[in-house]
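Please read it alongside the sequence and the coordinates.

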Amino acid sequence: MSAEHRKPVECGYEYRKAFIPLESNPEVFTELAHRLGLSENLAFVDVLSLDDPDLLAFIPRPVVAYVLVFPTSEKYHKEKQTDEDRRKEYQGSGPDENVVWFRQTIYSACGLYGILHAVSNGEARATIKPGSTLADILQKAEPLTPKSRALSLEDSEDLERAHAAAAQKGDSAVPEHPEDEVDYHYICFVKSTKNGHLYQLDGDRKGPVDLEIVLKEGTDLLDDRVLAVLRRFIYGEDGINQNFSLMALAPSLDD
């Protein structure tokens, strides 16, 4: 299952609403992204290995984003807090932003934020259909400050309806209540079309995190340096995959 356990009292947030979490399933993610207005030319696919060349070769190219799903833990929260303490609150807005970032203010909706970050940045953004829910969200959100941008997402009834339908899909049992605790979280990795940098996008942080890896024009996210970043997230210091999973946004195999 998807979504992380975040207690508002611990993070200083007071949520106005909560969503049923999405299953970590590329078909569910793809269906929701298409319903929101992403071109059918792109789809989410499972990444089965970061080390096996034969399995990596099955991933369609170019890869334009990743969504990483992982179990949260006390260690994760402590390390994140240490990093966050060194950062300032992000206040970017407008068309000159290197990336579009959404602060998460909807409880248990981190899967949705992962999708929004993946499709609102990089090459994926140019494939969003005019007049779609995504096009409308971005048109309204782009000039806003992070706080106002977050509220604009909360107020989107079309987004809420689409998410509610997607949350009923998949193979896992659907939580009875949106406020039920879950202990998985989603983060996204994208390449900025403005400066070519690799960014980590997580609505649970103070803002987008520039990973200071510059990818030349024409270089996609199957670059070895990007895979090395993902390996560090997944395997950590002990070299063991602690039940992480990874999806890539790439050209649709149904094309």
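1. Ser39 touches His34, Thr127 and Lys129, with residues up to four places away in sequence not counted; contact here means heavy atoms within 4.5 Å. Ser39 sits in the loop that runs between helix H2 (26–36) and strand E1 (42–46). Helices (H or I, at least four residues) and strands (E, at least two) are DSSP runs, numbered from the N terminus. The relative accessibility of Ser39 is 12%, so Ser39 counts as buried. Buried means under 20% relative accessible area, exposed over 50%, and partly exposed in between (1.4 Å probe, protein chains only).

2. On provenance: this is a predicted model, in which local features need pLDDT of at least 70 and side-chain atom pairs count only at pLDDT 80 or more, while totals for chains, interfaces and linings use all residues. Residues are numbered from 1 along each chain as its sequence is written, and side-chain values use heavy atoms, with hydrogens and water left out.

3. Overall composition. The chain has nine helices and six strands. Of its 255 residues, 54% are buried. Among contacts with a separation of 6 or more, 74% are between residues 24 or more positions apart. The chain exposes about 12400 Å², of which carbon and sulfur atoms supply 49%; accessible areas come from the Shrake-Rupley method with a 1.4 Å probe, and for residues only the protein chains shown count as cover.

4. The largest nonpolar core has 48 residues, and Leu38, Phe44, Phe102 and Leu249 touch the most other members. Helix H5 (residues 110–119) gives the most to this core, with seven residues. Apart from it lies another core, of 26 residues, including Ile59, Tyr66, Leu215 and Leu221. A nonpolar core is a set of buried Ala, Val, Leu, Ile, Met, Phe, Trp, Tyr and Cys residues joined through side-chain atoms within 4.5 Å. In soluble globular proteins, nonpolar side chains tend to be buried together.

5. Which residues does Leu249 touch? Leaving out residues up to four places away in sequence, its contacts include Leu38, Leu42, Ala43 and Phe44, as well as Pro62, Val63, Val64 and Ala65. Ala118, Val119 and Ala124 are also among the residues that Leu249 touches.

6. Leu116 is in helix H5 and counts as buried, at 0% relative accessibility. Its contacts, not counting residues up to four places away in sequence, are Phe102, Leu134, Leu153 and Leu159. Leu116 and Leu134 are 18 residues apart in sequence, with a C-alpha to C-alpha distance of 8.3 Å.

7. Cysteines. The structure holds zero disulfides, a disulfide being a pair of cysteine sulfur atoms within 2.5 Å. Cys110 is buried at a relative accessible area of 1%, and Cys188 is buried at 0%.

8. Surface. Leu48, Leu55 and Phe58 form a nonpolar patch with about 360 Å² of accessible area together. Patches are made of residues with over 30% relative accessible area and no salt bridge, like charges being joined within 9 Å and nonpolar side chains (Val, Leu, Ile, Met, Phe, Trp, Tyr) within 5 Å. Phe58 lies in the loop between helix H3 (53–56) and strand E2 (65–71), and counts as exposed at 66% relative accessibility.

9. The structure holds 18 salt bridges, each a side-chain nitrogen of Lys or Arg within 4 Å of a carboxyl oxygen of Asp or Glu. One of them joins the side chains of Glu74 and Lys78 (3.2 Å, N to O). These two residues are four apart in helix H4, so about one helical turn separates Glu74 and Lys78; both Glu74 and Lys78 are exposed.

10. Arg161 forms a salt bridge with Asp158, with the closest N and O atoms 2.3 Å apart. Arg161 and Asp158 are three residues apart in helix H8 (residues 157–167), which means a separation of about one helical turn. Arg161 is partly exposed at 48%, and Asp158 is partly exposed at 41%.

11. Arg225 and Asp223 also form a salt bridge, their closest N and O atoms being 3.0 Å apart. Arg225 is partly exposed, at 39%, whereas Asp223 counts as buried, at 17%. Elsewhere, salt bridges that share partners join Asp83, Glu84, Arg86, Arg87 and Arg205 into one network.

12. Is Glu84 buried or exposed? Glu84 counts as buried, at 6% relative accessibility, and its place is in helix H4 (residues 74–84). Neighbours within four places in sequence aside, Glu84 is in contact with Asp204, Arg205 and Lys206.
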